[in-house]
Amino acid sequence: MTLPSGVNFLPTLAICIALVFCAFLVAKLLVAARSAASRPSKIFSSLRPIANVCTAGSCPTIFETGTDRVVVQGYALSARKAGIDVPDGEALVEIPVELLKEALQKLS
């Protein structure tokens, strides 16, 4: 199979690999979130930051709870704006991909 003229294979491959990697990270966090959702909710007494995108102030952060769960701080994204249905008790949070990469390294 040949690519159309003017199409460079390497950037296309790099984008595909990056998308697969991001999908893997999101899937891993979703599995953790679903596992946490099946447990009774409680207030965590000590959240420990494991990944963030800034060095000072309040910014998107992933916290470890000490109970095999994570808590994500990010920018609220309305279900309406995202164009999807979100069940009661759940929320959409937008965070940078770099934050997922850092969290995965520290959780692995």
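Guide: The conversation below concerns a predicted model, with its disulfide and its strands as topics.

Visitor: How many disulfides are there?
Guide: The count comes to one disulfide. Cys 54 is joined to Cys 59, with an S to S distance of 2.1 Å.

Visitor: And why is that disulfide left-handed?
Guide: The torsion about the S-S bond of Cys 54 and Cys 59 is about -90°, so the disulfide is left-handed.

Visitor: What about Cys 59, buried or exposed?
Guide: Cys 59 counts as buried, because its relative accessibility is 10% and the cut-off for buried is under 20%.

Visitor: Let us change topic. Which strand is joined to strand β1?
Guide: Strand β1, residues 48-52, is joined by four bridges to strand β2, residues 61-64. The two run antiparallel.

Visitor: Which residue stands opposite Ala 51?
Guide: That is Ile 62, which belongs to β2.

Visitor: What else does β2 pair with?
Guide: Four bridges also link β2 to strand β3, which covers residues 70-73, and this pair runs antiparallel. Here Thr 61 stands opposite Gln 73 of β3.

Visitor: What lies between those two strands?
Guide: The hairpin of β2 and β3 has five residues between its strands. In this hairpin, Gly 66 takes a positive phi near 85°.

Visitor: One last thing: where do side chains point in a regular strand?
Guide: In a regular strand, side chains alternate between the two faces of the sheet.

Notes. Residues are numbered from 1 along each chain as its sequence is written. This is a predicted model: local features need pLDDT of at least 70, side-chain atom pairs count only at pLDDT 80 or more; totals for chains, interfaces and linings use all residues. Side-chain values use heavy atoms; hydrogens and water are left out. A disulfide is a pair of cysteine sulfur atoms within 2.5 Å. Buried means under 20% relative accessible area, exposed over 50%, partly exposed in between (1.4 Å probe, protein chains only). Two strands pair if DSSP finds at least two bridges between them.
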